[in-house]
Amino acid sequence: MAFLLMKPTVALYSALGWIFTNLVSSLQLKGYPCEKIPDEVDHILRILNLEDKRHARSKTLSGGMKRKLSIGIALIGNSKVVMLDEPTSGMDPSARRAIWDLLQGEKRGRTILLTTHFMDEADLLGDRIAIMASGELQCCGSPLFLKNKYGETTSRS
């Protein structure tokens, strides 16, 4: 089973240099078959809409593009379990929506565990939602269960 927890730092991007190198290195770490690497890199660049950045240096990417690359690194190679720590934090609403669409399209056959402070993000992406406060689990259930129990809107304390 492939498993990857990714929250790369700027240092990691700089060390690996180019976007293409980041993606290939991730596939090699996951033991992906060498003959399938070019097609998988093309696929990830296409779904991330980063095809024109294939040979760009990673450190030249905007913050939003670096987040996209992080998500791509986590997804590449058909990882079955993916953990994302606030993948849309700091993104503008349209970029956030694009990531939501990407994750919706890529969640089939995977378990995606993500942390977020956005209830709309949890509602849209989550099959099950766990709410924590002060480091303790407060409740867990489907979005429908939580809406029925706590109401349609939730505020964060």
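Predicted model: local features only at pLDDT ≥ 70, side-chain atom pairs only at ≥ 80, totals over all residues.

User: How many helices and strands does the protein have, and what pattern does the protein follow along the sequence?

Analyst: There are 7 helices and 5 strands. Read along the sequence, their pattern is β-α-α-α-α-β-α-β-α-β-β-α.

User: Which residues touch the most other members of the largest nonpolar core?

Analyst: A nonpolar core joins buried residues through side-chain atoms within 4.5 Å. Here the largest one has 26 residues, and Ile 19, Leu 23, Val 41 and Ile 71 touch the most other members. Elements giving two or more residues to this core are α2, α3, α4, β2 and α5. Leaving aside residues up to four places away in sequence, Ile 19 touches several residues, including Leu 45, Leu 61 and Leu 69.

User: How many salt bridges does the structure hold?

Analyst: Side chains of opposite charge can pair when their charged atoms come close. The structure holds 5 salt bridges. In one of them, Asp 42 pairs with Arg 54, with the closest N and O atoms 2.1 Å apart. Asp 42 lies in helix α3 and Arg 54 in the loop between α3 and α4, so this pair ties together parts 12 residues apart in sequence.

User: Are Glu 106 and Arg 110 buried or exposed?

Analyst: A residue counts as buried under 20% relative accessible area. Glu 106 is at 15% and Arg 110 at 14%, so both are buried by that cut-off. Their side chains meet in a salt bridge at 3.2 Å, N to O.

Key
Residues numbered from 1 in each chain as written. Heavy atoms only, no water. Buried < 20%, exposed > 50% of the residue type's maximum accessible area, 1.4 Å probe, protein only. Helix = DSSP H or I, 4+ residues; strand = E, 2+ residues; numbered from the N terminus. Contact = heavy atoms within 4.5 Å. Salt bridge = Lys/Arg side-chain N within 4 Å of Asp/Glu carboxyl O.
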